[in-house]
Amino acid sequence: MNKVVVLGTGPSGLTAAIYLARANMNPLVIEGPEPGGQLTTTTEVENFPGFPEGVMGPELMENMRKQAERFGARFERGWVSRVDLTKKPFTLHIGEERVVETETLIISTGASAKLLGIPNEKESIGMGVSTCATCDGFFFRGKKIIVVGGGDSAMEEANFLTKFASEVRVVHRRKELRASKIMQDRARENEKVTWSLNCTPLEVVKGDQGVTGLKVKNNETGKEEIIETDGIFVAIGHTPNTSFLPDQLATDETGYIKVQPGTTRTNIPGVFACGDVQDHIYRQAITAAGTGCMAALDCERYLEGSQVDDWSKSL
């Protein structure tokens, strides 16, 4: 029987593991198919506190893992296919054969950025293709950038990137944008933002030093062209990694786990959620790490019996 199991090894899960291990709770951490989370697909991280010269994303995550292991956290590679949270102890099915039981559970499985699914896109992430303007915009000072998407996130990222880029071109496959009017107006009023609407992205064009363009098809004329660019930001949304939790936890309409405001408590006592799996607003490594700390403290207090609230009434 485990006191606590942590699902996920991004900044939130590893921070939770560090705090739990230091509290002698011997946490078991289950690594999914992408150990270290999204930061392992990035290059240099310049906005994580404590690294004045920046740090490589994979190095940061490896150091966090080593820190958790130093205090006694246990790691196991596997994919949690389903869980049973209807009774104690909670039951986790890892793959098809292994079953793990635990008194408490911390879910830090993150959210995956939606990609276009076009040639050269996935392999160019961190090499000119990005899904996070806040993370990577700084690297494109004075460059030409493309933002793909037509929703509020795309408009927000386009406006943000004009702080660095010489030009930001919005590419969207429809004539009309899905973004709210106020977000559209802000983008249209920005003189650095240009538009390629009714254009479907076909392929990321790579050169020796990274991305050089985006091949698109004009949906009205059928003509294909290559838009020259130094970077492509894909802003078509994120999907929370909660598919293994059907109907067992309270979530919002898009699948993000609901937590009691100011805590990491879910509607099931003993189950906590932290990081991007419950945060669709900030999605930063440092905010994820902060909620990982909160989840560990909430979990520790729960096991000590200091929390006896009916949490389901507050969600």
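Two strands count as paired here if DSSP finds at least two bridges between them. I wrote that down before anything else, and I also noted that this is a predicted model.

**Entry: strand β7 and its neighbours**

I began with β7 and looked for its partners. With strand β8 (residues 98-107) I found 5 bridges, and the two strands run antiparallel. One pair I picked out by name: Leu92 has Val100 in β8 as its bridge partner. Between β7 and β8 sit 3 residues, and the two strands form a hairpin. I checked the turn as well, where Gly95 shows a positive phi of about 65°.

Then I went the other way along the chain, to strand β6 (residues 80-84). It pairs with β7 over 4 bridges, again in the antiparallel sense. Here Asp84 has Thr91 of β7 as its bridge partner. β6 and β7 make a hairpin too, with 5 residues between them.

How many of the residues in β7 are buried? I got 5 of 5 for this strand, residues 90-94. In a regular strand the side chains alternate between the two faces of the sheet.

**Entry: the parallel sheet**

Next I traced an open sheet of 5 strands. Its order reads β10-β17-β11-β12-β13, and the pairing is parallel. Which strands stand at the edges? They are β10 and β13 (193-197); each has a single partner strand, so one side of each lacks a neighbour in the sheet.

I looked at the β13 end in more detail. Strand β12 (residues 167-172) pairs with β13 in the parallel sense, over 5 bridges. Across that pairing, Arg169 stands opposite Thr194 in β13.

**Entry: the three-stranded sheet**

I also followed an open sheet of 3 strands, in the order β14-β15-β16, with antiparallel pairing. Its edge strands are β14 (199-207) and β16 (224-228), each pairing on one side only. On average, neighbouring strands in this sheet are turned by 30° against each other, ignoring direction.

β14 and strand β15 (residues 210-218) are joined by 8 bridges in the antiparallel sense. I noted one partner pair, Gly207 with Gly210 in β15.

**Entry: Met127, a loop residue**

Gly210 came up again when I checked Met127. Leaving out neighbours within four places in sequence, Met127 is in contact with Gly210 and Val211. Where does Met127 sit? I found it in the loop between β9 (111-113) and β10 (129-130). I looked up a C-alpha distance too: Met127 and Gln209 are 82 residues apart along the chain, and their C-alpha atoms are separated by 8.3 Å.

**Entry: helices α1 and α6**

Two packed helices are described by the angle between their axes and the distance between the axes. I looked up both for helix α1 (residues 11-22) and helix α6 (residues 285-303): the axes come within 7 Å and cross at roughly 40°. The crossing of α1 past α6 is right-handed. From α1, the contact uses Pro11, Ser12, Thr15, Ala16, Tyr19 and Leu20. On the α6 side I listed several residues, including Ala285, Ala289, Gly292, Cys293 and Leu297. What kinds of residue make this contact? They divide into 11 nonpolar, 4 polar and no charged.

I stopped at Thr15, which is found in α1. Is Thr15 buried or exposed? Its relative accessible area is 9%, and the cut-off for buried is under 20%, so Thr15 is buried. Setting aside residues up to four places away in sequence, Thr15 touches Met64, Ala289, Gly292 and Cys293.

**Entry: helices α4 and α5**

My last pair was helix α4 (residues 152-161) with helix α5 (residues 181-188). Their axes come within 9 Å and cross at roughly 30°. Angles under 35 degrees count as roughly parallel, so α4 is roughly parallel to α5. α4 passes α5 in a left-handed crossing.

I listed who meets whom: Asp152, Met155, Glu156 and Asn159 in α4 meet Met183, Gln184, Arg186 and Ala187 in α5. The residues of this contact divide into 3 nonpolar, 2 polar and 3 charged.

Key
Residues numbered from 1 in each chain as written. Predicted model: local features only at pLDDT ≥ 70, side-chain atom pairs only at ≥ 80, totals over all residues. Heavy atoms only, no water. Axes fitted to C-alpha atoms, helices over the stretch in contact; angles between N-to-C directions. Parallel < 35°, antiparallel > 145°, perpendicular 65-115°, else oblique. Left-handed = near helix turned anticlockwise from the far one by under 90°. Contact = heavy atoms within 4.5 Å. Nonpolar A, V, L, I, M, F, W, Y, C, P; charged D, E, K, R; others polar. Buried < 20%, exposed > 50% of the residue type's maximum accessible area, 1.4 Å probe, protein only.
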